[in-house]
Amino acid sequence: MCSDSVDVPNMLPDSSRIFSSTGGLSRRRLMQVLSTVMAASIAGRTSTVAAAEPLKEKFYAISKVVLGKENLDPVTSNRMLGALLVVFPKYENVVHLLEGYTSPGGSPDDVLKRSEDNQHQEYVHDLVAAWYTGTASGHMNAPMVSYFDALMYRATKDALPVPTYCFAEPGWWTQDPPELGIALFAPKPITPPAPPPVAVETKPAPAAPLHPHLPDHTKSKGH
Amino acid sequence: MVHSPVFKQNGNVTADVVVIGSGAVGAMIAHQLASAGHSVVILEAGRRFKRSEFVERWRNMPFYNRVHNDFQGLYPQSDLAPAPLYFPPNNYVGLNGPNGSAYQQGYLRTVGGTTWHWAASCWRHLPVDFRMHSTYGVGRDWPISYEDIEPYYCRAEEEMGVSGPHDVALQSPSERSRPYPRDMIPFGYADKRVAEIVNPHGFNLVPIPQGRSIAPYEERPACCGNNNCQPICPIGAMYSGIQHVEKAEVAGAVTLDQAVVYKFDTDERNRITAAYWYDAERKSHKIEARAFVAACNGIETPRLMLLAANERNPNGLANSSDQVGRNMMDHSGVHATFLANEPLWFGRGPAQSSCIVGARSGDFRSKYSANKMILNNISRVGPATEQALALGLVGQELDDEIRRRAARGVDLSISLEPLPDPNNRLTLSATRKDPLGLACPDIHYDVGDYVREGVQAVKDQVAQIAALLGGTEVKVTTDFNANNHIMGGCIMGENNKDSVVDGWCRTHDHFNLWLPGGAAMCSASVVNTTLSMVALGLRAADSIQKAFQNGEI
């Protein structure tokens, strides 16, 4: 079951990972991704990528362990797998590889550490990023899977609506936001610099003959 | 009494007025003239879609596109009338010059125009902005004054249902003859907190006058803080030109989409007698009218004037001054981002809410550009996620870091004021053609030393603001970004020696052709252009009505 024996010959080299922690991406790889994506016609078709039932179940199971979350939508999971198979033709091998790091269970940190021991941590990061962003890769026109349910929104759902949705009451934003509930700084407090002297130039007083005007709704109705 | 355009079997039309372009300016003119009983045809190069389709396309857009502001990609383009695209770039507008890359404008060619994806900021110019040369010795003076346009600002605010501060101390400018139709959109926590901190130091944070309301306005629902004004308000609470397209149609105007105008006929007095357009099947049609309006903003209007060169006007229509396509402007801007040392929670409420205008004007403008700094109120969850993922975090640490960065994140969108420069010029490409074989636009752009000097002031001010907010990870972008506030191209002036249109946006060369909107603007100020464009459009509409009444056309 150990992942070391799993063959991943066509996976990307580390220097061109999709969700690279360094942000790097080769032009060649970008073009590969774009052409693959165009062939898949971005949204809609990714869910049609065939994935065997055991693979889907396996992907769902490893996702829960890698993310440290039980309450993942199985339909989204299937679609995410389909999208990842579009971006990574050999993604099935990655699923098997990740299974090796997740089958002992443990926290996401545990999984990450096990993968780091074999220099496979990028596969963990890619999976995490896909679920958090709802997109199978971090680049332009990548296959899209989930919007409202992208995990990034869970972390702030008490304070911020998912854009295009709202908290169902005009003016709700005048209420105080919730407590942050976590340490403001991480990993350690940062001492901000002292404010420097300020010197914004002020504008001259209005010189136009029109004068400031207080509201007069009676007058405005006459227009 | 409503008059209707007369359509012939071959697709040709006769009408009183043809309005080319269906954005806020064109639609409002069409609405006014159709309401006055004139027969009106609106010709729009792009396609027509429903709001719900744009919303769904936005939600289905990949994370990278959304978080990097792909505001064009959700608006399907006509096969025959492209507009700029950047994900990836389609090279429709060829950019060159020292700051060509700063002029990547994102405008829409679709029924309703670019106010589908604006932020609904409805600013007025300052009175002094109309007197830049006589006051500061830079730029140009307008042929009209603030007092001339002020009644039209009022009308524009009422047509667009603008919410702005009734408190005079919060108005910018405060010279007004009527109150805003609605009081300001109330501040969220972030606006209030930042104002408390920076205003004592002269930064003057004020509410942005906005084309939305927290109560229903006419047919529009109340804004519910969906935080998606750009690129699409999902519920139609934000003003958009499509609202006046629909009003114009109720008043009798007819809109033809996928109608690409490319040629005009002129008579011996250089009056425009007809315009020609290609339909979606590349068939050419003719419309005869008494008044012609090209309301296609600062790129497509000058492009059309140049494309329409004929024997009487070999350098293009309205171009005896050789100023068509010159003096291109935009608020080339920069962004400043940092993490405050307390939770501010930007992203609650409309996507734009408040703005720092302390450096909007002053004697320094004789030397360098003014600026304004919008506190972008767009949810920071996307950027926070991108940053937290880049840190390699997983599990609870990842959730916490997203929450922390989303709460503390600040994004200042900073606009600078360019000066009109005839060398910043739109020309027709000699090599690149659109699918109809019409030359694509090329634009040479240099922000100029006035703006470059202004950037240093911006950096100093950002440093002050960031320090007041205990900012860390302070970054100011080094490349200028476009703000899609297209100005110039058919500049306004007293005569045809150095300008294209008069103070009513009527061309000097053709007395039945009006070119209202951003193309006519003589100074840029630092504020979003739409309200000024619409005010100019309403002035043009009055001018057209007067010309009808006087029997001039």
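Two residues are in contact here when heavy atoms of one lie within 4.5 Å of the other's. With that in hand, let us tour this predicted model.

**View 1. Chain A is built from helices.** Chain A holds seven helices and zero strands. Read from the N terminus, the elements of chain A go α-α-α-α-α-α-α. Now look at who touches whom within this chain: among the contacts in chain A with a separation of 6 or more, 62% link residues 24 or more positions apart. How many of the residues of chain A count as buried? Of its 223 residues, 44% do.

**View 2. Strand β3 of chain B shows two sides.** Strand β3 of chain B covers residues 17-20. In a regular strand, side chains alternate between the two faces of the sheet. You can follow this here: B:V17 and B:V19 point one way, while B:V18 and B:I20 point the other way. Are these four residues buried or exposed? All of them are buried.

**View 3. Strand β3 of chain B has partners.** One of them is strand β4 of chain B, residues 40-43, which pairs with β3(B) in the parallel sense over four bridges. Another partner is strand β11 of chain B, residues 291-294, which runs parallel to β3(B) and is joined to it by four bridges. In β11(B), B:A294 stands opposite B:I20.

**View 4. Chains A and B meet.** Chain B brings 89 residues to the contact and chain A brings 82 residues. About 7200 Å² is buried between the two chains, with 65% of that on carbon and sulfur atoms. Two salt bridges are counted between chain B and chain A. In a salt bridge you can look for yourself, the side chains of B:R403 and A:D158 meet at 2.8 Å, N to O.

**View 5. A domain taken from a record.** UniProt, in an unreviewed entry, lists residues 420-537 of chain B as "domain: Glucose-methanol-choline oxidoreductase C-terminal". Over this stretch, chain B is 24% helix and 18% strand. The C-alpha atoms at the ends of residues 420-537 are 21 Å apart.

Notes:
Residues numbered from 1 in each chain as written. Chains lettered and ligands numbered in written order. Predicted model: local features only at pLDDT ≥ 70, side-chain atom pairs only at ≥ 80, totals over all residues. Heavy atoms only, no water. UniProt positions renumbered as here; feature names shortened; annotations may be inferred. Buried < 20%, exposed > 50% of the residue type's maximum accessible area, 1.4 Å probe, protein only. Pairing = 2+ DSSP bridges. Buried area = accessible area lost by both parts, 1.4 Å probe. Salt bridge = Lys/Arg side-chain N within 4 Å of Asp/Glu carboxyl O.
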